[in-house]
Amino acid sequence: MALSIAQFTFFTRAASSSFLHRTNARFNHFTFSTPFSTAAATCTRKKNGRLSVLSALELGGVKIARDDVVRDDPTNNVPDSIFSKLGMQLHKRNQHPIGILKNAIYEYFDASYSTKFDKFDDLCPLVSVKQNFDDVLVPADHISRSYNDTYYVDSGTVLRCHTSAHQAELLRDGHTHFLVTGDVYRRDSIDSTHYPVFHQMEGFRVFSPKEWEASALDGTSYAAEDLKKCLEGLARHIFGAVEMRWIDAYFPFTNPSFELEIYFQEKWMEVLGCGVTEQEILRNNGQHDSVAWAFGLGLERLAMVLFDIPDIRLFWTTDERFTSQFTKGKMGIKFKPFSKFPPCYKDMSFWINESFTENNLCEVVRGVAGDLAEEVQLIDNFTNKKGMTSHCYRIAYRSMERSLTDEEINELQRKVREQVETKLNVELR
Ligand code: DAH
C-alpha cells in the first residue's frame, strides 16, 4: 500500500509559500457566488484510448480553461481525468447522497445555531500553496506537500487537498461562524474507498472573551467543551443514538486536537477530525483576543456507511439505476445494488526504480482505465541479490454498469503495461 495522505497523522479522508503566484492571483477571484452551473469540463475517450478534453470548465460564470490546470511541464502533475472532475460539485446536487448528507448537516447547524453559520459551497478548488499549507501551519517538510500526494497546477498553486485551505481567508473576511463544503483532491491508491477527488466539510466557530469569561473555564477549555457538545449533537443527528468516543489526535492547525469515533455497524468508525484552533492562525488573520474551534469531515466516508454504498466510484456514475435511488432530504435510504458484474484480474510485474511510487502507478492506471479500475494491489515484492526490487501488482477491472469483454480488458492491460514502462521508466518482467 502506498503511503497515502490518508495515512498521515493529520488528514482524515473518505472513506488538505509565502506569496500568491501570478496565475493564482487570478484563481483567487474565483470565489463563486453565482448559482450552481452543471457545466463541467468534459472529457471523452478517443479511439486511441487517450482522454480528450472537449470544453473548458464554467463555474458561476468564470471560465477555467484546461490549459490553466493541465500543462505539460514539470511543475504540473494534474491529468485530464482530474480536470474533468472540476465543477462536478456532487455536494450541490440535492438528490445525490453527498448533497443529501451536506444538507442534513446544514439542517443541524441551522436548527442548533439559528442560521448563525455562514455556508460556503462554491469556493474555487484551485488555491495557493500558501492557502492550502502555510496558512494552516502545515510544516514545510510535511509529506502532504509532496508532488506524490498533492496535485500541483504549478509550484505555487494546487488543487486544494482539504477544505481547511479556506479557514484563513474567511477569517480575514470577518466570518466567525462558517461551514465550507467542497471537492478536495489527493493523489492516492485505487480501492473501493479511495478516489482522487472526494468531498469535505469544514466547520469553524470563533468565540470572543466575554463568552468564556462568564464561565469558570479558560478560553481553550471552553472552546473544546463547546466543540465536543456540538459534534456529539451532529453525530446523533446523522447516525441516531450511537455510542461515541473521543480520541486524542494531532493536526498542525489545532491544539488540542481530537477525533470523534462512533460505534456503528459493529465497529468503531472515525467520523471527523477537530480541535481548538492554533492561536497563530487567529492572530495572523485579524482575530487577536479570540479562541476558536474547527472540524473537518469527509462526506464520502460517511455517505458510504449511511447509504450502504459499497464502492466510492458509484458516487460519480450517471447511471440512472444509481442516481434514481436517492431523494432530496431523505437520509434513511439504503442503496440496492442493481447487479454485480464480475471483476477481471490482471497481474503485472516490473523492476522498480528509485522514483517509483504506487500513487504514480495508480495515476497511470486511472489515466488508461478510468473508473473501470477497481483496485490496484501489491501482491508480491522482493529484492534480488543485485539489489533490484521487483513489484507485482494485481489490477482488478470492473465496471459498475456493465460486463466488460475479454478483448476490452486485454486492451486496457496492454496500454497500462505500455504506459507503465514509458511513463514510470520501469523494466517490465
Ligand atoms: N483538514 C483535515 C483533513 O483533511 C481535517 C481537519 C482536522 C479539519 C481537524 C479541521 C480540524 O478543521 O480542526 O484531514
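**Exercise 1. Strand β10**

Task: State which residues of β10 point one way, which point the other way, and whether they are buried or exposed.

Solution. 
- Step 1. Sort the side chains by direction. Val 197, His 199, Met 201, Gly 203, Arg 205 and Phe 207 point one way from β10. Phe 198, Gln 200, Glu 202, Phe 204 and Val 206 point the other way.
- Step 2. Check burial. The residues of both sets are all buried. Buried here means under 20% relative accessible area.
- Step 3. Draw the conclusion. Eleven of the eleven residues of β10 (residues 197–207) are buried, so the strand is largely enclosed by the rest of the structure.
- Step 4. Strand β9 (residues 177–185) pairs with β10 in the antiparallel sense, over nine bridges. Gly 182 has Gln 200 of β10 as its bridge partner. Strand β14 (residues 291–298) also pairs with β10, antiparallel, over eight bridges. Here the bridge partner of Gly 203 is Phe 295 in β14.

**Exercise 2. Confidence**

Task: This is a predicted model. Find where pLDDT stays under 50.

Solution. 
- Step 1. Take the overall figures. The mean pLDDT of the protein is 88. Of its residues, 86% reach 70 or more.
- Step 2. pLDDT stays under 50 over residues 1–9. It also stays under 50 over residues 14–54.
- Step 3. Count contacts beyond four places in sequence. The model has 26 of them for residues 1–9. For residues 14–54 it has 105.

**Exercise 3. The four-stranded sheet**

Task: Give the strand order of the open sheet of four strands, then trace its pairings.

Solution. 
- Step 1. Write the order: β16-β17-β15-β18, with antiparallel pairing.
- Step 2. Name the edges. These are β16 (373–383) and β18 (427–428), each pairing on one side only.
- Step 3. Go from pair to pair. β16 and strand β17 (residues 389–397) run antiparallel and are joined by nine bridges. Gln 377 stands opposite Arg 394 of β17. β17 and β15 pair over eight bridges, again antiparallel. Cys 344 has Tyr 397 of β17 as its bridge partner. β15 and β18 are antiparallel over two bridges. In β18, Leu 428 is the bridge partner of Phe 350.
- Step 4. Recall what holds such strands together. Strands of a sheet pair through backbone hydrogen bonds.

**Exercise 4. Helices on that sheet**

Task: Describe how α12 lies on the strands, and explain why it counts as largely enclosed.

Solution. 
- Step 1. Position α12. It lies across β15 (344–351), β16 and β17, and runs at about 140° to β16.
- Step 2. Position α13 (residues 406–424). This helix packs on the sheet and touches β15, β17 and β18. Its direction makes about 20° with that of β15.
- Step 3. Check the span of α12. The helix covers residues 358–369, twelve residues. From first C-alpha to last it reaches 16 Å, close to the 16 Å expected at 1.5 Å a residue.
- Step 4. List the buried residues of α12: Glu 358, Asn 359, Leu 361, Cys 362, Glu 363, Val 364, Val 365, Arg 366, Val 368 and Ala 369.
- Step 5. Conclude. Ten of the twelve residues of α12 are buried, so the helix is largely enclosed by the rest of the structure.
- Step 6. Look just past the helix. Gly 370 takes a positive phi of about 55° there.

**Exercise 5. Nonpolar cores**

Solution. 
- Step 1. Name them. Phe 109 and Phe 239 do, in a core of 73 residues.
- Step 2. Find the main contributor. Helix α8 (residues 219–239) gives the most to this core, with nine residues.
- Step 3. List the contacts of Phe 239, leaving aside neighbours within four places in sequence. They are Ile 262, Phe 264, Met 269, Leu 302, Val 305 and Leu 306.

Methods: Residues numbered from 1 in each chain as written. Predicted model: local features only at pLDDT ≥ 70, side-chain atom pairs only at ≥ 80, totals over all residues. Heavy atoms only, no water. pLDDT = per-residue confidence, 0-100. Contact = heavy atoms within 4.5 Å. Expected span 1.5 Å × (residues − 1). Buried < 20%, exposed > 50% of the residue type's maximum accessible area, 1.4 Å probe, protein only. Pairing = 2+ DSSP bridges. Axes fitted to C-alpha atoms, helices over the stretch in contact; angles between N-to-C directions. Core = buried A, V, L, I, M, F, W, Y, C linked by side-chain atoms within 4.5 Å.
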